[in-house]
Amino acid sequence: MKIMQAFRFEAAHWLPKVPVEHRCHRMHGHSYRVEVILEGQVDETTGFVVDFFDIEAAFAPLLKRLDHHCLNEIEGLENPTAENIASWIWRHIKPSLASLSAVRVFETPDCWAEYDG
Ligand SMILES: Nc1nc2c(c(=O)[nH]1)N=C([C@H](O)[C@H](O)COP(=O)(O)OP(=O)(O)OP(=O)(O)O)CN2
Ligand SMILES: [Zn+2]
């Protein structure tokens with residue numbers, strides 16, 4: 001069984017590795033959506049794979065670091081592409097969410113990157 005919980009945050013960033021003519025080389029912002037996807041057996045007693053409240057608790061410290069910040073200033077996110085944000089989130093929440101299956105980061109409603117370890 002798979003379950004998913006979504007989170008949103010607002011952040012600024014710029015992409016240092018693209019050519020200076022690329023518009024994403026300039027500082028700009030996005031309304032990011034993050035989908036945290038878990039996979040596992042449904043517990044017979046609770047009916048949960050994992051309690052959504054536990055996912056929220058695991059993600060809360062990251063949300064605090066990401067929301068309304070400049071992503072380039074966060075350690076490990078110096079090149080904050082959607083791909084790198086997805087793997088950064090994975091690295092930080094996997095220790096507290098063993099059944100983590102994937103992290104999907106939407107930079108816009110039409111573009112996402114997914115990391116599954
Ligand atoms: N593979 C990736 N490609 C690009 C990434 C990325 O993270 N991974 N990121 C960017 C820029 O961050 C860029 O800002 C993307 O957003 P934006 O240009 O605003 O998106 P749209 O083109 O859909 O926006 P419109 O202004 O509505 O056209 C670029 N590439
Ligand atoms: Zn961008």
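**Notes on the ligand 1 site and the sheet around it**

1. Let's start at the ligand. The shell around ligand 1 consists of Leu 15, Cys 24, His 28, Thr 81, Ala 82, Glu 83, Glu 107, Thr 108 and Asp 110; a residue is near a molecule or strand if its C-beta atom, placed from the backbone, lies within 6 Å of it. Two elements give two or more residues to this shell, namely helix 2 (82–93) and strand 4 (100–108). Helices (H or I, at least four residues) and strands (E, at least two) are DSSP runs, numbered from the N terminus. By class, the shell has three nonpolar, three polar and three charged residues, where Ala, Val, Leu, Ile, Met, Phe, Trp, Tyr, Cys and Pro count as nonpolar, Asp, Glu, Lys and Arg as charged, and the others, Gly among them, as polar.

2. A word on the model and its labels. This is a predicted model, in which local features need pLDDT of at least 70 and side-chain atom pairs count only at pLDDT 80 or more, while totals for chains, interfaces and linings use all residues. Residues are numbered from 1 along each chain as its sequence is written, and chains are lettered from A and ligands numbered from 1 in the order in which they are written.

3. Now the overall layout. The protein chain has two helices and five strands, and along the sequence they follow the pattern β-β-α-β-α-β-β. Its C-alpha atoms fill a box of roughly 55 × 25 × 20 Å, taken along the principal axes. Of the 117 residues, 18% are buried; buried here means 20 or more other C-beta atoms within 10 Å of the residue's own, exposed means 12 or fewer, and partly exposed lies in between, with C-beta atoms placed from the backbone. Among contacts with a separation of 6 or more, 60% involve residues 24 or more positions apart; a contact requires C-beta atoms, placed from the backbone, to lie within 7 Å.

4. Which order do the strands take in the open sheet? The five strands are arranged 3-1-2-4-5, with mixed pairing; two strands pair if DSSP finds at least two bridges between them. Strand 3 (69–70) and strand 5 (111–115) are at the edges with a single partner strand each, so one side of each has no neighbour in the sheet.

5. The pairings can be read one by one. Strand 1 and strand 2 run antiparallel and are joined by 12 bridges, with Arg 8 opposite Arg 33 in strand 2. Strand 2 (residues 28–39) also runs antiparallel to strand 4, through six bridges, and here Ile 37 stands opposite Ala 102 in strand 4. Strand 1 and strand 3 run parallel, joined by two bridges; Ala 11 has His 69 as its bridge partner in strand 3.

6. Next, the helices. Helix 1 (residues 52–66) lies across strand 1 (2–13), strand 2 and strand 3, at about 10 degrees to strand 1. Helix 2 lies across strand 2, strand 4 and strand 5, and runs at about 145 degrees to strand 4. Axes are lines fitted to C-alpha atoms, for helices over the stretch in contact, and angles run from 0 to 180 degrees between N-to-C directions.

7. For "active site", an unreviewed UniProt entry lists Cys 24, His 68 and Glu 107; UniProt positions are given in the numbering used here, feature names are shortened, and annotations may be inferred rather than shown by experiment. Glu 107 is found in strand 4 and counts as partly exposed, because it has 19 C-beta neighbours inside 10 Å. Leaving aside residues up to four places away in sequence, Glu 107 touches His 30, Tyr 32 and Ala 82.

8. Is His 68 buried or exposed? His 68 is exposed, because 10 other C-beta atoms lie within 10 Å. His 68 sits in the loop between helix 1 and strand 3 and touches Glu 10 and Ala 11, not counting residues up to four places away in sequence. Its phi is near 60 degrees, a positive value in a residue other than glycine. Most residues other than glycine have a negative phi.

Key: Two residues are in contact if their C-beta atoms, placed from the backbone, lie within 7 Å.
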